[in-house]
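Please keep the sequence and the model in view while reading.

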Amino acid sequence: MNIVVIGGGPAGLMAAEAAISRGARVDVYDAMASVGRKFLLAGKGGLNLTHSESAESFLGRYGERRRHIQPLLARFGPEALREWARGLGILTFVGTSGRVFPSDLKSAPLLRAWLRRLRQSGAIFHMRHRWCGWNESGALRFSTPQGDRLVSADAVILALGGGSWPRFGSNGAWVGLLIERGVPVEPLEPANCGFDVNWSQHLRERFAGHPSETGRGFWHDERG
Ligand SMILES: Cc1cc2nc3c(=O)[nH]c(=O)nc-3n(C[C@H](O)[C@H](O)[C@H](O)COP(=O)(O)OP(=O)(O)OC[C@H]3O[C@@H](n4cnc5c(N)ncnc54)[C@H](O)[C@@H]3O)c2cc1C
């Protein structure tokens with residue numbers, strides 16, 4: 001079976017790995033020149049891989065989504081994730097908050113080892129291939145620097161990310177492509193937590209609406 005994975009962020013790479021482990025041939029397509037760009041950014045402020053708290057309170061974090069997430073975590077929970085990282089040669093530690101990080105806090109070594117293992121197990125990567133939908137006969141349409149390309153597969157996995165930090169590849173344009181095909185799509189919305197801050201006049205005037213540098217600076221606390 002030939003499976004096409006579109007999107008080479010952590011979701012797409014994990015899907016590729018799972019498909020290969022079940023005997024599929026896998027081609028990964030990504031619009032950018034390299035995969036995992038947002039994942040690399042995530043590692044800049046210290047990559048928080050998971051949490052060490054009890055299964056019950058961890059599940060409680062998922063609110064209404066809990067019943068969807070529970071069976072997934074039963075198969076691949078925080079400990080399994082740490083074990084998976086260890087399999088790539090990445091050791092992890094538990095910070096003072098209970099959060100789990102790679103021992104060097106970075107995502108680049110993990111991504112490098114992951115891509116090496118995927119390539120060795122047969123995954124083929126096609127960079128600078130932006131998926132633009134389907135043609136009349138159902139083939140996937142990609143726009144590439146060499147022109148348009150049509151690709152067919154036995155199954156397709158879309159792992160296109162959300163709609164934040166578009167310069168790292170995920171621009172949410174896939175929502176329109178699916179709606180055109182009659183697929184119901186929930187509107188994209190921020191999935192992180194929100195909170196109210198009484199910002200100063202200066203910050204409001206200069207930075208309102210700009211993304212903040214999440215994740216930065218935490219590790220002074222985490223490592224003591
Ligand atoms: C500053 C920052 C810090 C973060 N810190 C953490 C952290 O500590 N821990 C944590 O777990 N998460 C963290 N995150 C979140 C994490 O990066 C994302 O949850 C994760 O990258 C989502 O993975 P994904 O595979 O779903 O999507 P993405 O990583 O967005 O990957 C989607 C891929 O699809 C490709 N793509 C999109 N559209 C197309 C198309 N039409 N054709 C072809 N390819 C396409 C993109 O190029 C991209 O490579 C952080 C994010 C940011 C911005």
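## Basis and terms

Two strands pair if DSSP finds at least two bridges between them. Helices (H or I, at least four residues) and strands (E, at least two) are DSSP runs, numbered from the N terminus. The model is predicted: local features need pLDDT of at least 70, side-chain atom pairs count only at pLDDT 80 or more, and totals for chains, interfaces and linings use all residues. Residues are numbered from 1 along each chain as its sequence is written.

## The sheet

An open sheet is formed by 4 strands with parallel pairing, in the order E6-E2-E1-E10. Strand E6 (124-126) and strand E10 (155-158) stand at the edges with a single partner strand each, so one side of each is left without a neighbour in the sheet.

Between E1 and E2 the parallel pairing runs over 5 bridges. Asparagine 2 has arginine 25, in E2, as its bridge partner.

## Helix H1

Helix H1 comprises 12 residues (10-21), and its end C-alpha atoms are 16 Å apart.

Which residues of H1 are buried? They are Gly12, Leu13, Ala16 and Ala19, where buried denotes 20 or more other C-beta atoms within 10 Å of the residue's own, with C-beta atoms placed from the backbone. Seen down the axis of H1, the buried residues fall within an arc of 125 degrees (taken from the directions from the helix axis to the C-beta atoms), so they line one face of the helix.

How values were computed:
Expected span 1.5 Å × (residues − 1). Buried ≥ 20, exposed ≤ 12 C-beta atoms within 10 Å, placed from the backbone.
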